[in-house]
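Open the model in your viewer and keep the sequence panel beside it. We will go from stop to stop, selecting as we go.

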Amino acid sequence: MNKREALKRSLMFTLFLALILFISGTSLTITYRLAEDRIKKQNRIKIEKMLKGIFSNMTDYSFDEEKDLYIIYSSNNIVGYAFLAKGKGYGGNIDILVGLEDEKTIKGVRIVKHSETPGLGSRITEDSFLGQFKDISIKDALLKGKGGKIEAITGSTISSRAVTEAVYKEATKRIKLLDRVKGEE
């Protein structure tokens, strides 16, 4: 085989691979666009279920989403707020839904998504850990060693710290947004 034939084969192979990549990329884009609405709907259902868990003492409630903030209503009165916080755990990002009763009190916390180690870091989803956030002051939402009231999970300090620091940091930041939302009412 001479150089010309080798170059021709190499070029044909490259074009073939480029065509395969183009078809694959286009297929993935089309599939995502077709599934995007369903994904959003499923995420909303998941968030709504978690909000029901955080605001469990209410039977009749609804929520609106405004500026990345969920406003919780019961009988057309605002009874709380919720937002998503992100922490960096041992296994990757941790998405956390935080419910606030008011500008000072955390109503509860739920883990939306995580990739922590099963049996260790994944224990951040257990009620024994999440229950510590129920009806506490925002300033107490840190680990005990950091001045808060939350007890870290034994063997999962990084995951515990990621959750508490994300909740504290984002709640403190969101208080300013709550003041603006209330000012608009």
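Predicted model: local features only at pLDDT ≥ 70, side-chain atom pairs only at ≥ 80, totals over all residues.

Select serine 75. This residue sits in the loop between β2 (69-74) and β3 (77-88).

Next, select aspartate 135. You are now in the loop between α2 (127-130) and β6 (136-137). Aspartate 135 also has a positive phi, about 55°, although it is not a glycine.

**The largest pocket**

Now select Asn43, Ile47, Tyr70, Leu84 and Val112 together. Of the 14 residues that line the largest pocket, these lie nearest its centre. Which elements give two or more residues to the lining? They are α1 (3-54), β3 and β5 (105-113). The largest share comes from α1, with four residues. The space in this pocket is about 440 Å³. Colour the lining by residue type. You will find five nonpolar residues, one polar and eight charged.

**Along helix α1**

Threonine 14 lies in helix α1. From C-alpha to C-alpha, threonine 14 and isoleucine 47 are 46 Å apart in space, and 33 residues separate them in sequence. Zoom in on threonine 14. A polar atom of its side chain lies 2.8 Å from the backbone oxygen of serine 10. Threonine 14 counts as partly exposed, at 47% relative accessibility.

**A buried charge**

Move to glutamate 116. Look for this residue in the loop between β5 and α2. How far away is the nearest side chain of opposite charge? That side chain belongs to lysine 88, and the distance is 7.8 Å. Glutamate 116 is buried yet has no salt bridge. Now show the backbone of glycine 91. Its nitrogen lies 2.9 Å from a polar atom of the glutamate 116 side chain.

**Salt bridges**

Side chains of opposite charge can pair when their charged atoms come close. How many salt bridges does the structure hold? There are 11. We will visit some of them.

Select aspartate 95 and lysine 113. Their side chains meet in a salt bridge, 3.9 Å from N to O. Aspartate 95 lies in strand β4 (residues 93-100) and lysine 113 in strand β5, so the pair ties together parts that are 18 residues apart in sequence. Aspartate 95 counts as buried, at 12% relative accessibility. Lysine 113 counts as exposed, at 51%.

Go on to glutamate 126 and arginine 123. The side chains of this pair form a salt bridge too, at 3.6 Å from N to O. Glutamate 126 is partly exposed, with a relative accessible area of 35%. Arginine 123 is also partly exposed, at 29% relative accessibility.

Then pick lysine 146 and glutamate 165. This salt bridge has its closest N and O atoms 4.0 Å apart. Where are the two partners? Lysine 146 is in the loop between β6 and α3 (157-184), and glutamate 165 is in helix α3. The pair links distant parts of the chain, 19 residues apart. Glutamate 165 is partly exposed, with a relative accessible area of 33%.

**Last stop**

Select glycine 145. This glycine lies in the loop between β6 and α3. Is glycine 145 buried or exposed? Glycine 145 counts as exposed, at 80% relative accessibility. Glycine 145 and arginine 161 are 16 residues apart in sequence, and their C-alpha atoms are 10.0 Å apart in space.

Key: Residues numbered from 1 in each chain as written. Heavy atoms only, no water. 1 Å grid on protein atoms, 1.4 Å probe; cavity = no way out; pocket = protein on both sides within 12 Å on 5 of 7 lines; lining within 4 Å. Points joined across faces, edges and corners; volume = space filled by probe spheres on them. Nonpolar A, V, L, I, M, F, W, Y, C, P; charged D, E, K, R; others polar. Buried < 20%, exposed > 50% of the residue type's maximum accessible area, 1.4 Å probe, protein only. Lys, Arg positive; Asp, Glu negative; His and termini not counted. Polar contact = N/O pair within 3.5 Å; in protein donor to acceptor, adjacent residues only side chain to side chain.
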